[in-house]
Amino acid sequence: MRILVTNDDGIYSPGLLALAEVAAAFGEVRVVAPDVEQSAMGHAITIARPLHYRSTPMGGLEAYRVNGTPADCVALGTHHWDTVDLVLSGINLGSNLGNEIWHSGTVAAAKQAALLGIPAIAFSAFMNGREPDFAALKPWVGRVLEALLREPKPFLINVNLPLRPKGLLWARQSVRRYEGRVIPGTDPMGREHFWFVAHPDHEPEEGTDRWAVEHNFIALTPLRLDLTDEARLSQAFQLAASTE
Ligand code: MN
């Protein structure tokens, strides 16, 4: 099995190395990741300048850094490697839960693979000021891969790891509220500036990804690429039929 590994924290992230090392037990691994951090870049692609590869030492693994986004890395990596069987993205330094998925470069890399018809899994680890304990999380990532690789293909799964997992739990995306906020401040020269942050500020609903991680479960959320609002669409069809 050929496994392409990428992330949005950049080629030198310890989370990327941890994921690639776990993946190596499941197949042939190639790492293609952004040369600098691309967190919160979402599903952006680079269209106004050329992209370049540079070979990068990463233990004994074949690895390349790209001057592009996570989605660029998946596009290039799958273009230059025939029949990639699985794309893994992460392990992100920080959760990608609920509506954070919209901004996430980690999830976008997996989405790009899904667009190309390749099964993909995004991995993110909860952070509480300190770096996640990847040595402790790696066996859990292996358990997730074992479980998901038994699934029928194709699939797109968003996986979020708590600090100290106690098990795996399938969960829906928490979408009740959007937590994006603009926080004003002042720089050392007295000029006003703004930070755009998206931190949760409400209790999560049971059964959601955020609830699972807060209860120390690894949240597994299957995602789809079709954004159609089916209920609204059928309403529109009914309305159109009744006015004919
Ligand atoms: Mn990131």
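**Sheet, helices and a manganese site**

User: Across which strands does H1 lie, and at about what angle does H1 run to S5?
Analyst: This is a predicted model. H1 lies across S1, S2, S5 and S6. Its direction relative to S5 is about 145 degrees.

User: What about H3: which strands does H3 lie across, and at about how many degrees does H3 run to S6?
Analyst: H3 lies across S1, S5, S6 and S7. Against S6, the angle is about 175 degrees.

User: In what order do the strands of the open sheet stand?
Analyst: The sheet is built from 9 strands, and the pairing is mixed. From one strand to the next, the twist averages 25 degrees. The order is S3-S4-S2-S1-S5-S6-S7-S11-S8.

User: Which strands stand at the edges of the sheet?
Analyst: An edge strand has a single partner, so one of its sides is left without a neighbour in the sheet. That describes S3 and S8 (168-170).

User: In what sense do S1 and S2 pair, parallel or antiparallel?
Analyst: Their pairing runs over 4 bridges. Ile3 stands opposite Val29 in S2. The sense of the S1 and S2 pairing is parallel.

User: Which element gives the most residues to the largest nonpolar core?
Analyst: That core has 34 residues, and Val5, Val31, Leu88, Ile121 and Phe123 have the most contacts inside it. Several elements supply at least two residues each, including S1, H1, S5 and S11 (218-222). The top contributor, with 7 residues, is H4.

User: Which residues beyond four places in sequence is Leu88 in contact with?
Analyst: Leu88 is among the residues with the most contacts inside the largest core. Its partners are Ile3, Leu4, Val5, Thr6, Leu19, Ala23, Ile121, Phe123 and Leu145.

User: Which protein residues are donors of the manganese ion?
Analyst: The donor atoms lie 2.1 to 2.2 Å from the ion. In sequence, the donor residues are spaced D-D-x29-S-x52-N. They are Asp8, Asp9, Ser39 and Asn92.

User: How many residues apart in sequence are the parts that Asp8 and Asn92 tie together?
Analyst: Asp8 is in the loop between S1 (2-6) and H1 (14-23), while Asn92 is in S5 (residues 86-93). Both Asp8 and Asn92 are buried. The pair ties together parts whose separation in sequence is 84 residues.

Definitions and conventions:
Residues are numbered from 1 along each chain as its sequence is written. This is a predicted model: local features need pLDDT of at least 70, side-chain atom pairs count only at pLDDT 80 or more; totals for chains, interfaces and linings use all residues. Side-chain values use heavy atoms; hydrogens and water are left out. Donors are N, O and S atoms within 2.8 Å of the metal (3.2 Å for Na, K and Ca); water is not among the atoms, so sites may look incomplete. Buried means under 20% relative accessible area, exposed over 50%, partly exposed in between (1.4 Å probe, protein chains only). A nonpolar core is a set of buried Ala, Val, Leu, Ile, Met, Phe, Trp, Tyr and Cys residues joined through side-chain atoms within 4.5 Å. Contact means heavy atoms within 4.5 Å. Two strands pair if DSSP finds at least two bridges between them. Axes are lines fitted to C-alpha atoms, for helices over the stretch in contact, and angles run from 0 to 180 degrees between N-to-C directions.
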